[in-house]
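Dear colleague,

Please find below the structure that I am handing over to you. My notes on it follow.

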Amino acid sequence: MARRLARDGLAVGVIDLSEEDCAGTVGAITADGGTAAAFAADVDDENAVATAVTRIAAELGPPTVLINNAGIGGPNAGVEETSTQQWDAVTGVSLRGAFFLTRAVTPYMTATGWGRIVNMSSISALGDAGRVDYASAKAGLIGFTKSLARQLGPHGVTANAIAPGFVVSDMTRVAARRRGRSFEEHQRIVAQSIPVRRVGQPEDIAYTASFLVNPEAGFVTGQVIYVAGGAVD
């Protein structure tokens, strides 16, 4: 998504736990002729988020596009096996982190009279028996998105959610290992349950984000777009 939005002409502030973790993405963007900079912040730390957003505004200009994409997943566990620590970690990054970042950037958007917020939900928001923490966080993002759309619409700011299905990523690679499968085998198995008979790629999500943040998408807000190849209950 960062690379796609840079190609669309946006200056991109990339946030991760350390600036070194952002180096590959920033390097790829600048090598392509785009503008990007790295910023360190744990999104579950409101002070770190506030500092990072202040730096972004100073170095790249007032932020008017926000992609809340940070997320982690714990091991599959039923509600009785899910520890409080795991619940707090998963919901803290996905849901509370989105709240902290949105709260920090909203004043810039409303002052400008224009903005785009995209929250990364998941088809797990529809229910996932083995990941009550993750499903709850992703479902919470949908309510958060719809509330933002109602509040911020009069200020020229849209808010939408993308709900991916299975997408090739570090997280799904870990899921394959937990099942004792190679990642290639895992993708083949999963693809058979998806109507379009393939798994998702990061580019599929990036294209959707590019559409949602486009100035011409200003009449699309409060929506959840399932980018899942038809694999939605």
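Is D204 buried, partly exposed or exposed? The structure is a predicted model, and in it D204 has a relative accessibility of 24%. Buried would require under 20% and exposed over 50%, so D204 counts as partly exposed. Its side chain meets that of R198 in a salt bridge, 3.0 Å from N to O. R198 is also partly exposed, at 42%.

By the rule applied, there are eight salt bridges. Among them is the one between R103 and E46, whose closest N and O atoms are 2.8 Å apart. R103 belongs to helix α4 and E46 to helix α3, so this pair ties together parts that are 57 residues apart in sequence. A further salt bridge joins D128 and R131, at 3.1 Å.

Turning to the strands, β1 (residues 12-16) and β2 run parallel and are joined by five bridges. Within this pair, D16 stands opposite A40. Together with helix α2 (residues 19-31), the two strands make a right-handed β-α-β unit. Four of the five residues of β2 (residues 36-40) are buried, so this strand is largely enclosed by the rest of the structure.

Yours sincerely

Note on methods:
Residues numbered from 1 in each chain as written. Predicted model: local features only at pLDDT ≥ 70, side-chain atom pairs only at ≥ 80, totals over all residues. Heavy atoms only, no water. Buried < 20%, exposed > 50% of the residue type's maximum accessible area, 1.4 Å probe, protein only. Pairing = 2+ DSSP bridges. Right-handed = clockwise from strand over helix to strand, strands pointing away. Salt bridge = Lys/Arg side-chain N within 4 Å of Asp/Glu carboxyl O.
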